[in-house]
Structure formats: structure tokens, C-alpha cells
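The structure comes first, and the notes follow.

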Amino acid sequence: YSLSLALASAVGGWDPDHLAEDWHMYAKCALKTSGRARCQPIFLPLMNYTPEEDTYWGTCFSRWEQAKRHALGVTEVVYAISGIFLGMLEVRGALRRFIYFLRLSPM
């Protein structure tokens, strides 16, 4: 992914303790800009392959490690939901809360 240094600085930079840092940074930018940050795809000629080792059991172990990393990405859902909830508590007025929620709904 790509992101401007101005936006990264405005939202406080990257958080080193999050595994799914790409999704986390998008959620953080969307939350800190009240949904004004948008995600645009960047099409690159790359492919991701499943992990492969020299032995069957080595491949199974590598796939298990990859699955654990993917499973830990669910913490980003908690981060996004709690961020939206806390943001809605800070916004004054029902109409502004509704607009805030609509801006963040694509996330």
C-alpha cells in the first residue's frame, strides 16, 4: 500500500504492535479523519503463494504459522468497532453522529 507522509504524520504514524499493519493503518486513518480517508487499489503484477517447505510437515507447520498470523488480524475488527463507538461519543448532535457513522461505514 501507499500513503502520504502528511497523512501518516497527521494520524500519529504507524503502531508497531499491530500485526496487520496495513489494515490497521487504514482503519486508523479512517477513524482519525472522520471517514474522509479513502482506500484506492494499487494494481501490481505480484502473486502471493501459500508457504511451501522442503518436507510435507515443514509445509504444514509454515501454513499453520501463516494461519495464526491471519487469525490475529481479527483484533483489527475490535479496534475499528471500539474506535467508531468512542468517536460517536465525542461527536455532538444526532445528525453529526449519523454523518460520522455514514462516513465510516465503508470501513
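**Helix 2 with helix 4**

- In this predicted model, Trp23, His24, Ala27, Lys28 and Leu31 of helix 2 touch Glu76, Tyr79, Ala80, Gly83 and Ile84 of helix 4 (contact: heavy atoms within 4.5 Å; helices: DSSP runs of H or I, at least four residues, numbered from the N terminus).
- By class, the residues of this contact are six nonpolar, two polar and two charged (nonpolar: Ala, Val, Leu, Ile, Met, Phe, Trp, Tyr, Cys and Pro; charged: Asp, Glu, Lys and Arg; polar: the others, Gly among them).
- The axes of helix 2 and helix 4 lie 10 Å apart at an angle of about 5 degrees (lines fitted to C-alpha atoms over the stretch in contact, angles from 0 to 180 degrees between N-to-C directions).
- Helix 2 is therefore roughly parallel to helix 4 (under 35 degrees; over 145 counts as roughly antiparallel).

**Helix 4 with helix 5**

- Helix 4 (residues 75-90) and helix 5 (residues 94-104) have axes that come within 9 Å and cross at roughly 155 degrees, so the two are roughly antiparallel.
- Gly83, Ile84, Gly87, Met88 and Leu89 of helix 4 meet Arg97, Tyr100, Phe101 and Leu104 of helix 5.
- Six nonpolar, two polar and one charged residue make up the contact of helix 4 with helix 5.

**Lining of the largest pocket**

- Helix 2 (residues 21-32) gives the largest share of the lining, five residues.
- The lining divides into 13 nonpolar, three polar and two charged residues.

**Basis**

- Residues are numbered from 1 along each chain as its sequence is written, and side-chain values use heavy atoms, without hydrogens and water.
- Local features need pLDDT of at least 70 and side-chain atom pairs count only at pLDDT 80 or more, while totals for chains, interfaces and linings use all residues.

Technical notes
Parallel < 35°, antiparallel > 145°, perpendicular 65-115°, else oblique.
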